[in-house]
Structures are given as structure tokens and as C-alpha cells.
Amino acid sequence: MTFFRHLKLEEGQHALILGARGTGKSTLLRERFSNQPVFWIDLLLPKTEDRYARNPERLKNEFVALPSETKIIVIDEIQKVPSLLDVVHSLIETPGHDRLFILTGSSARKLRAGSANLLAGRALAYTFFPLTSFELGSQFILKEALQYGTLPKIWNLISASAKRKTLETYALTYLNEEIRAEQAVRLLDPFRKFLEVAAQSNGRIVNFSSIARDVDVDEKTVRSYYQILEDTLIGFFLEPFHNSIRKQVGKAPKFFFFDTGVVRALSRTLTLDLLPSTNSWGDAFEHFIITEMTRLIGYSGNQFRLHFIRTYEDQEIDVVVMRPGKPLLLIEIKSTETIRRDHLKHLLTLRSDFSVPTEELCLSCDETAQMIEGVLCLPWQQGLRKFFGGPDLTLISPEDPV
């Protein structure tokens, strides 16, 4: 199945596309350049990786020998041989050619050390994500997305058992290829245990010391483990918002994995059925909506920043969106199909404690829009489109064919 993807590459510009394994970077490029000759270097192939690792300068010789009609050079998973970045940078700076380099990567860890010059304006950086609900269009099913996530491969499978096995394999691939290959951790067993504990804590405020005790490592190591998850694009922190609010609020972050299916694989809960009106369903729905926001922000380039609020009295606002030139957007996420005033009690209570203008929004599974005491309550897809879609997304209908 071919999916519509939001990401659009700027014509005539070198590009670096960063995204976790399995998000569809290679597929996107093969479709994008299907009618053009492409020199493709797939560094996931062991022989190819070894060839360039032994002699990165080989790329210069191949570059000179390319047919004149070959204008596109794709290097897939560039972090496998980061020394190629220096060669690419040199070739980009070489005058007299009109070839474009398109690089993909699933880890920023090694790239940070070797790509400073390349990323300083020589190549446009993009972030790529699993499928959004809008990209899935009429194929989208909420329960499937909550249970198995939205990696493209999952949506090309039919049976639940095939989806579970694929996600379990994905988790093992992440451990064996991304972590072991990069030598990011000294011992793999504590990290494997950490992954399960971190996945079970997904979406909650991170207690580094408690997790350290559970994993039997020190707190510094736990923080380095979370850094690895960020570097390999497997998750992200949601930082607390503490400016412009008069109440005392906590300062510890939350952590979210990048995909609802992957976090269930890592937490070993794939065999548990998610049922509406349960806490597990509500947690998965909130996780899904926050990842949708993150993806749409990444594609639209609107510079929004997401935070949350938890006061010392345990009052919480699920998402606080900082929007340049606009009021703060305070968002409540509810999986219920019938929104009532009592669902909004924290939002209604806390909004008066901000010293800056705010706008209030509730996203839920309720099918109709309401205005409840100044809080705009929208069906979740309608709300995402209105506040996070950007100019391109407004042209996309959830009912459009894929």
C-alpha cells in the first residue's frame, strides 16, 4: 500500500532526513525519484557499509564517474559510516556540478560529531515520523493506531499476530542494530531492562532515581539512557511549563516514545486488548494525540513548542502550546465520546492563573463541536487540523483515499 506523506523536499536543495527506523524514509525517496536516475548507497547492507567504512574517499571517485544524467545521490542511513559526511561536504562544496545529495539517518548520535559543517546551511534538515492519521486517510482506525501504532509496515499487515510479531522484531532490531552497533551502552542487559521500565512509564513524569533503582544502575546512567532514546529518535521529552503561571508547578519532564505500537512492544503489553473507557485506552489516546501534534508541528515548520503543567495540588493541563505571536494554547485531551463540563475542571481552574493571554481547547472522541464556558471542544481530528495543520494539511480530508 502506498501512503500519502506530508513531507515535501525543497526542490534543488541538499537534504538530511532524520527519522527512526521503519518510518518509511527510503520508500519516500524511491517514490519521489522514481522517474530519475539515482545513485543509491544503502549502508544497511553489510558489504556496502564495510566498503565505505574502509575507504570513505571512494565516494569521490564514484562521484566523478557518474553518468551526466544522474543528478541525485542518496545515502541511506548515513550514521552507519559518519566519516562519509566529510566527503559529502567536500563534494557539495565542489564547484561546477548540479547534483544533489539526499541523506537519511536514524540516529543523531554519530551525526552530531561529524556533521556540523554539513548541517550549517549546506543541507536542509527534515524530521520524518510514522504515519499520521491524515496520511492514513480512509484507512485509519483509531483502535488499530492505539494498539499497534502507525509505522507504515504495520498498516500493510492484516492479522493481529503478524502486527505483534513485527513490532516485537522491531524492538529487537532497535536493540541489536542501533544500540549494539553504535556501542552506545557498555552493557546491553541493563539497557534492555531500562527500555521495559521506561516504556511502562511512558507519558508519566520521569522519576530518574526510581527508574535507576528498578534497573539497578545509577541515576546518571538512566539519564544517559534517555539521551540515547532521544538521539536514536525513539522518543522525546515533554518539558513542564513554568513561566507566566502564578501557581507552583513541578519541574520534572514527561517522556513519550515516538509510536504507540512500539511502546507496547517494549513494555510487553501487545497481547493485552485495549478497550474504550479504560485507563489504558485513555493513556494510549493521550499518547497518540501528543505524537500527532509533534508530527504535524515537525512537518508544518510552525515553530510551536509543547509543554505540560502539573501543579503541586495535582492539577494538570495535558498540553501547553507556545505559539509565536499567539496566545498560549491550553489543551485537555479526553478519550470520551461525550464531553461534559467536569472533564474540563483543571482547564477552567488554571486558566485564570496565567499572566499572559490564553486560548483553551479540548480534543476528544466526541463527534460534535461545543463551546463550554469559553473552552472550544472539538473532535480530535478537526482540532488537530485547525490548530496544527498548517497550509498543506488544510487541503487534506480524513476521508481522502490513500
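**Helices, sheets and pockets**

Student: How far apart are the end C-alpha atoms of α14?

Tutor: They are 32 Å apart, which agrees with the 32 Å that its 22 residues should span at 1.5 Å a residue. The expected span is 1.5 Å times one less than the number of residues. Helices (H or I, at least four residues) and strands (E, at least two) are DSSP runs numbered from the N terminus. This is a predicted model, where local features need pLDDT of at least 70, side-chain atom pairs count only at pLDDT 80 or more, and totals for chains, interfaces and linings use all residues. Residues are numbered from 1 along each chain as its sequence is written, and side-chain values use heavy atoms, leaving out hydrogens and water.

Student: OK, and what comes just after α14?

Tutor: Gly301, which has a positive phi of about 70°.

Student: Pockets next. How big is the largest pocket?

Tutor: Its volume is about 960 Å³. A pocket is an open set of points on a 1 Å grid where a 1.4 Å probe fits, with protein on both sides within 12 Å along at least five of seven lines. The volume is the space filled by probe spheres set on the points.

Student: Which residues lie nearest its centre?

Tutor: Asn279, Ser280, Gly282, Asp283 and Ala284, out of 38 lining residues (those with an atom within 4 Å of a point). Elements that give two or more residues to this lining include α10 (188–200), α13 (260–266), α14 (279–300) and β9 (316–322).

Student: Which element gives the most?

Tutor: α14, with eight residues in the lining of the largest pocket. By class, that lining has nine nonpolar, 16 polar and 13 charged residues. Asp, Glu, Lys and Arg count as charged; Ala, Val, Leu, Ile, Met, Phe, Trp, Tyr, Cys and Pro as nonpolar; the others, Gly among them, as polar.

Student: How much space is in the second largest pocket?

Tutor: About 640 Å³. It is lined by 29 residues, and Arg21, Gly22, Thr23, Gly24 and Lys153 are the closest to its centre. Helix α1 supplies the largest share of that lining, six residues. The classes there are ten nonpolar, ten polar and nine charged.

Student: Now the sheets. In what order do the five strands of the open sheet stand?

Tutor: The order is β2-β3-β4-β1-β5, with parallel pairing. Strands pair if DSSP finds at least two bridges between them. At the edges are β2 and β5 (124–127), each pairing on one side only. Neighbouring strands here are turned by 15° against each other on average, direction ignored.

Student: How many bridges join β2 to β3?

Tutor: Five, and the two strands run parallel. Ile41 stands opposite Ile75 in β3. Helix α3 (58–65) packs on this sheet, touching β2, β3 and β4 (100–105), and makes about 160° with the direction of β2. Contact means heavy atoms within 4.5 Å, and angles run from 0 to 180 degrees between N-to-C directions of axes fitted to C-alpha atoms, for helices over the stretch in contact.

Student: What is the pairing in the sheet of eight strands?

Tutor: Mixed, in an open sheet ordered β7-β6-β8-β9-β10-β11-β13-β12. The edge strands β7 and β12 (370–372) each have a single partner, so one side of each lacks a neighbour in the sheet. Neighbouring strands of this sheet are turned by 35° on average, direction ignored.

Student: How do β9 and β10 run?

Tutor: Antiparallel, joined by three bridges. Val319 has Ile331 in β10 as its bridge partner.

Student: Which strands does α12 lie across?

Tutor: β6 (235–240) and β7, with α12 (219–231) running at about 115° to β6.
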